[in-house]
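Here is a note on the structure, in numbered points. Please keep the sequence and the 3D view open while reading.

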Amino acid sequence: MSDTPALALEGVRRTFGRVEAVQGIDLAIAPGTFVGLIGHNGAGKSTLLAMVTGILRPTAGRIRIAGVDIHADPEAALRHLGAVPEEPALFEHLTAREMLELVVSVRGGGDLDAALTLAALGGDADRPIREYSQGMRRRTALACAMVSAPKVVVLDEALNGLDPPSAARVKAALRAHCDQGGTVILSTHVVETVQAVADRVVMLAHGRVVADERAQDLPPGGLEALFLERIGESHADGIGSTEAGG
Amino acid sequence: MNAVVARPYVRRRRERRAVWLLEALALWAAAAWLAGAVDGRFASGPGGDLVAGTWLRVGTVMACWIGLLAHGRVLRGSYRAVWSLLPVDAAAVVRETLADGGRQVLVLAVAASVVVLPTAWRLGVAAWGVGALGMLGLAVASWLASARALLFAVSAAEDPRWHGVLDALRGANPRPQAAILWSLGPVVLGIGVAMVGVSEAVVAVASGAGLSARVGVSVVLPWALAGLMGWGMDGVARASWRQATPVLEEIRARYAAVENAETALRVPLDGQAPRLPAGVRPWFLSEVRYGWRARRGAVNAAWAVAVVAVAMGWTDDPSGPWRAGWVAACIALLPGRVPVLGAVETGPYLRRWLADRPARRVVARALAVIGWSTAPLAVVAVAVAVRAGSGAWVTLGLAIGGVVLTAGVSAGAAQRQALTGYTAAAVVGAAVALGLAIGGTA
């Protein structure tokens with residue numbers, strides 16, 4: 001396995017006017033790691049992931065995907081990155097199958113059948129995406145992010161709105177991706193999901209990393225206790241036990 | 001790579017066909033209005049100036065339209081969110097977008113040429129043909145130049161060498177937004193200058209000068225300009241297209257911050273609430289805040305009616321104050337729709353939960369409508385007083401009567417959620433008032 005981190009953040013800051021949404025984050029994530037990113041509402045998770053995917057530029061700092069600076073050479077960095085933003089971005093007029101074919105063409109390869117199985121759309125895979133429910137759209141976006149098995153997969157609240165069988169299937173696929181050397185960063189409010197599948201837990205509060213732990217070191221239920229300890233009771237309503245949390 | 005990029009557009013082209021037609025019709029309407037061409041008057045005018053002016057106006061409107069189209073398609077396009085997450089060649093995306101939108105541009109250019117078709121009857125087909133050819137070239141040049149300018153604006157927004165200029169221009173806008181807003185100005189100016197040449201060529205051919213060298217240059221120049229603007233577009237696209245995603249996100253984030261701050265700001269008439277009885281006060285605040293934040297357009301429409309009323313009354317004719325008064329009586333019609341819409345949107349459960357107090361709400365709604373109408377009404381009265389002296393009392397009386405009547409009807413309709421009823425009453429009222437105004441009836 002290469003020594004180059006799959007994802008490296010160096011002094012990443014982001015301000016919006018006087019608000020410091022992300023306050024100097026340093027992270028190095030090794031290939032094959034499943035990272036659960038948790039934090040209260042407004043902790044800076046989505047802002048951080050928007051910077052990781054190149055959608056938003058950091059006020060300061062560098063972000064490298066498999067050694068490539070996403071903001072200096074986005075096209076090269078995106079070859080190693082699959083992403084599902086909070087609002088899935090899809091061509092509404094294409095069918096899921098056409099959308100996946102397009103992604104495979106652009107990325108130069110991928111397992112279309114496995115992706116369609118992951119999306120679990122059945123006959124609906126040949127209907128236009130604009131006719132899909134929120135859950136179907138999210139499953140399609142997840143399949144698009146995974147179809148070419150990129151080195152890094154970034155998911156912003158991507159399990160929200162999935163029914164339990166779909167959520168279980170996606171979690172198993174993500175776990176398998178990591179076991180094959182891929183890296184997953186999953187932002188969520190759901191501590192049980194993180195504790196069940198993640199190798200590493202990164203906890204954000206007010207734009208800072210307040211905890212960075214190996215998941216296996218935490219006792220059962222330990223993540224919620226850690227959340228309350230590091231972030232406090234005032235934000236406890238920001239976490240949940242189902243994927244429906246926003 | 002280009003084939004890959006092109007595929008998603010296949011179905012979209014079919015979907016957009018109806019929109020092309022609408023845009024072409026809208027262009028025709030706007031240009032016809034600008035040119036005074038609806039009844040063909042321009043074609044029977046005294047000669048060259050009028051014809052040249054018409055071609056120039058139509059061409060300039062077309063260039064503006066194409067600039068906005070480029071902004072929507074090349075810069076902000078709804079597909080940006082998808083492409084931004086894929087390692088696609090930015091040049092291929094821009095190339096395909098330009099080719100796709102280019103078809104729409106050609107339709108616009110043909111539509112613009114059709115607008116000035118009456119010149120073919122007046123001045124001859126050759127003159128019209130020369131103009132149409134030049135205009136088509138300018139449409140293509142405008143499309144490519146707008147795309148280039150917008151992409152350049154993205155780079156300039158992040159280039160410190162441009163910060164001084166942008167800071168001088170941007171006003172309250174974020175720097176990148178100012179760059180984007182201003183980038184189309186020079187394009188329209190340049191296309192306008194080239195259009196002067198085309199319009200003069202039309203007049204020259206019509207006056208019997210034939211296809212002189214000057215005419216030739218005027219027609220060829222737009223196509224040369226188009227070629228120049230398209231040259232090296234791949235490089236511009238690779239340098240700026242992907243960079244536009246974080247720049248646009250930056251603009252969105254800045255405006256979101258402003259929007260959040262705005263909800264904490266006071267709205268007009270907030271300051272009047274303490275003067276009202278305590279029972280009415282919260283309902284009044286609820287109305288004026290809802291109206292200003294959710295239906296500001298309808299509230300401000302009172303000012304547009306006031307402007308029309310002033311225009312009607314700005315005359316030495318004795319009927320002026322009456323005409324102004326009848327129009328001013330309509331000032332509250334659109335603001336009056338706001339409480340009714342608010343009531344409909346609130347829904348029965350929420351009204352029950354809010355422990356609605358019917359009498360107080362009726363008063364509060366009527367007062368809000370009167371409040372929104374008072375300043376425009378006063379402006380009309382003062383303007384008519386300046387022009388017609390004591391005749392302004394007539395205007396004031398009619399206007400106050402209209403506003404009070406509208407406020408009462410609005411509050412009653414809101415209580416019954418009778419949106420259709422209010423709208424019908426308002427249309428009938430406006431028709432009667434305008435009929436009386438046009439007739440100058442006392």
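Leaving aside its neighbours within four places in sequence, which residues is B:Trp143 in contact with?

1. The list for B:Trp143 runs through B:Ile66, B:Leu69, B:Ala70, B:Arg73, B:Val74, B:Thr97, B:Leu98, B:Gly101, B:Gly102 and B:Val105. Please find these residues in the view before going on. Bear in mind throughout that the model is predicted.

2. B:Trp143 belongs to the largest nonpolar core, a set of 121 residues. B:Trp143 is listed there among the residues with the most contacts inside the core, together with A:Met99, A:Leu155, A:Leu223 and B:Trp83. The core's largest share comes from helix H7 of chain B, residues 125–157, which supplies 16 residues.

3. Next, the make-up of each chain. Chain A has eight helices and ten strands, whereas chain B has 20 helices and zero strands. Of the 246 residues in chain A, 56% are buried. In chain B, 47% of the 442 residues count as buried.

4. For chain B, counted between residues at least 6 apart, 82% join residues at least 24 apart.

5. Chain B has an accessible surface of about 20,400 Å², with 68% of it belonging to carbon and sulfur atoms.

6. One part of the surface of chain B deserves a look. B:Phe152, B:Trp162, B:Val165, B:Leu169, B:Leu181 and B:Trp182 make a nonpolar surface patch of about 580 Å². Two elements of chain B give two or more residues to this patch: helix H8 (160–169) and helix H9 (175–206). H8(B) gives the most, with three residues. B:Leu181 is in helix H9 of chain B. Is B:Leu181 buried or partly exposed? B:Leu181 has a relative accessible area of 48%, so B:Leu181 counts as partly exposed.

7. Salt bridges come next; over all chains the count is 27. One of them joins the side chains of B:Glu250 and A:Arg14, at 2.8 Å from N to O. This pair crosses between chains: B:Glu250 lies in helix H12 of chain B (residues 244–262), and A:Arg14 lies in strand S1 of chain A (residues 7–16). Why is A:Arg14 classed as buried? A:Arg14 is buried because its relative accessible area is 3%, and the cut-off for that class is under 20%. B:Glu250 is buried as well, with a relative accessible area of 17%.

8. Other salt bridges stay within a chain. In chain A, the side chains of A:Arg62 and A:Asp69 meet at 3.4 Å, N to O. A:Arg62 is partly exposed, with a relative accessible area of 41%, whereas A:Asp69 is buried at 16%. In chain B, B:Arg175 forms a salt bridge with B:Asp167, where the closest N and O atoms are 2.9 Å apart. B:Arg175 is partly exposed, with a relative accessible area of 24%, and B:Asp167 is partly exposed at 35%. A network of salt bridges also links A:Asp124, A:Arg127 and A:Glu131.

9. A last point concerns confidence in chain B. The mean pLDDT of chain B is 83, and 83% of its residues reach 70 or more. Where is the pLDDT of chain B below 50? One such stretch is residues 8–15, which has 24 contacts in the model beyond near neighbours in sequence. Residues 37–46 of chain B also have a pLDDT below 50, and that stretch has 17 contacts beyond near neighbours in sequence. Please keep both stretches in mind when viewing the model.

Notes. Residues numbered from 1 in each chain as written. Chains lettered and ligands numbered in written order. Predicted model: local features only at pLDDT ≥ 70, side-chain atom pairs only at ≥ 80, totals over all residues. Heavy atoms only, no water. Helix = DSSP H or I, 4+ residues; strand = E, 2+ residues; numbered from the N terminus. Buried < 20%, exposed > 50% of the residue type's maximum accessible area, 1.4 Å probe, protein only. Core = buried A, V, L, I, M, F, W, Y, C linked by side-chain atoms within 4.5 Å. Contact = heavy atoms within 4.5 Å. pLDDT = per-residue confidence, 0-100. Patch = residues over 30% accessible without salt bridge, like charges linked within 9 Å, V, L, I, M, F, W, Y side chains within 5 Å. Areas by Shrake-Rupley, 256 points an atom, 1.4 Å probe, with all protein chains shown as cover. Salt bridge = Lys/Arg side-chain N within 4 Å of Asp/Glu carboxyl O.
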